[in-house]
Amino acid sequence: TINIVYLQNQYDPFFGDNEIWCSSWPTAAKAAFDAAASIWGTTLQSTVPIKVYACWTGDLQPGVLGGSGTDAFVHNFPNAPLSNTWYPVSLANALSGSDQNGSEPEMHHVYNMNFDWYYGTDGNTPGNQYDFLTTVLHEMGHGLGFAGSMTVDEQGVGSWGLGSSQESIAYDRFTENGSGQALLNYGNGTTALGDQLTSNNVYFDGPKANAANGGQRPPLYAPSSWVPGSSYSHLGEVFNNTPNALMTYSMGSGESVHDPGPVTKGLLHDLGWQEYNTAPGISGIPDQHVSMNIGGSSLIDLWAYASDDQTPSGELTYSIDNSPAAGAGVSIAGNR
C-alpha cells in the first residue's frame, strides 16, 4: 500500500522553512500520481504501508521536471540482507516487517508546476507535453532504492557514504567497472574512484538484474563529466526506446513509459525487494481420448498451458487434483 499525502498551501518541511512553497494540486495530477503508485504497489511486496509526501511547486529551477528521494536510511535492522549497509527506509520496513520510522514519511516528491504536463494515464502523450505518470513512476523508483551514494566533486575526487558515515548504500554494493572490479574497492575520497565514476564504464552486477538483461550486467549512466542527480543512479542510455527506458536519466516530451521494466524490477529485487507474487494459472488443456486396452503414450505438455508472471512454467510444480480411476493410468511425468 502506497499512501500519498498531497502537501498544499504550505512550505515543504523536507526543504526547511520558507524555501519551497507547495501549491494546490490539480485533480488530474493527483489521479496520475495515484496511478503511478498503484503500478509500484502491484509490482513490489511489503506488509508496511509506504507514506509519500508530494509537493506541487513553482519554486524549482527551470528545466527540472521534479525530484524525489527517501526520507531516511536505516542499517542493521532485523532481516537486513547486508550488515553495516544503509537501506532506504521503505525497503528496510519491507524486509523487517515493521515500521522503522514511525509516522514519518518514507519518501518525498516535488514536481514543477510550470511544465506543460499530460495527466492522462493512457500513454498517448502529445509530442509537446510531458507525461506526468511516467515522471512520478521514475521518481518513485529512486525513492524505493534505485540510487547510490557515490559522488564526484569539482576536483574529480570520488567518494561514497552518507554524511560522515563510511557505510555504503545497498545500491553501491552492486556497482563495478567493466573489468568486474567493485567500485567500493577503490579508495573513498580518491581521484581513482572519480575516474571510474566518469568512465562510461560502470555496471550494476546483480543476479536478477543480469538475468533480466539477457545474462549481461546492465550498464549505468556514467558520462565523462559528473552530472549531479543523474550520473551513476540511472540506467545507461542503451536502454532508451526499450522496455527498460523508465530509469534512464532523462525523459523527452511525448515519451510515455508505464512499466518499470524487467531490468529495474530485477535490480530492486537484488537490493532486497520481493515482487508482488500473482497466482499461477493453467488453462486451455485439450481433451485427450485414449482407447481402452491400447498401449502407448498420449501426452499433454502442461508447460504449454501454464503461466505465471514471476516463475517460468518449467519451475512450477504440478499435481492432479481430481484423481482418475487407477486403471486409467493418468500421471505426471518429468514435472510436465
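A salt bridge is taken here as a side-chain nitrogen of Lys or Arg within 4 Å of a carboxyl oxygen of Asp or Glu. By this rule the count comes to 3 salt bridges. The structure is a predicted model, in which local features need pLDDT of at least 70, side-chain atom pairs count only at pLDDT 80 or more, and totals for chains, interfaces and linings use all residues. Residues are numbered from 1 along each chain as its sequence is written, and side-chain values use heavy atoms, with hydrogens and water left out.

Helices (H or I, at least four residues) and strands (E, at least two) are DSSP runs, numbered from the N terminus. Glu-176 counts as buried at 10% relative accessibility. Arg-217 is partly exposed, with a relative accessible area of 21%.

Asp-259 forms a salt bridge with Lys-265. Here the closest N and O atoms are 3.6 Å apart. Asp-259 is partly exposed, at a relative accessible area of 37%. A further salt bridge connects Arg-336 and Asp-301, whose closest N and O atoms are 2.6 Å apart. Arg-336 lies in the segment after strand 18 (306-307) and Asp-301 in the loop between strand 17 (281-282) and strand 18, so the pair ties together parts that are 35 residues apart in sequence. Arg-336 is partly exposed, with a relative accessible area of 38%. Asp-301 also counts as partly exposed, at 30% relative accessibility.

The next element is a sheet. Strands of a sheet pair through backbone hydrogen bonds, either parallel or antiparallel. Two strands are said to pair if DSSP finds at least two bridges between them. An open sheet of 4 strands has the order 1-5-9-6, and its pairing is mixed. Strand 1 (2-7) and strand 6 stand at the edges, each with a single partner strand, so one side of each is left without a neighbour in the sheet. From one strand to the next, the twist averages 20°. Angles run from 0 to 180 degrees between N-to-C directions, and axes are lines fitted to C-alpha atoms, for helices over the stretch in contact.

Strand 1 and strand 5 are parallel and share 6 bridges. Within strand 5, Ala-54 stands opposite Tyr-6. Strand 5 (residues 50-57) also runs parallel to strand 9, again with 6 bridges. The bridge partner of Ala-54 in strand 9 is His-109. On strand 6 (residues 66-70), the pairing with strand 9 is antiparallel, over 5 bridges. His-109 is the bridge partner of Ser-68 there.

Strand 9 (residues 107-112) has 6 of its 6 residues buried, so it is largely enclosed by the rest of the structure. Met-107, His-109 and Tyr-111 point one way from the strand. His-108, Val-110 and Asn-112 point the other way.

Helix 3 (residues 132-143) packs on the sheet and touches strand 1, strand 5, strand 6 and strand 9. The direction of helix 3 makes about 150° with that of strand 9. His-142 lies in this helix and counts as buried at 12% relative accessibility. Contact means heavy atoms within 4.5 Å. Leaving aside neighbours within four places in sequence, His-142 is in contact with Ser-68, Ala-147, Ser-233, His-234 and Met-247.

The structure holds 1 disulfide (a pair of cysteine sulfur atoms within 2.5 Å). This disulfide joins Cys-22 to Cys-55, S to S 2.1 Å. The torsion about the S-S bond is about -115°, so the disulfide is left-handed. The pair links distant parts of the chain: Cys-22 is in strand 3 (residues 21-22) and Cys-55 in strand 5, 33 residues apart. Cys-22 is buried at a relative accessible area of 0%, and Cys-55 is buried at 0%.

Conventions:
Buried < 20%, exposed > 50% of the residue type's maximum accessible area, 1.4 Å probe, protein only.
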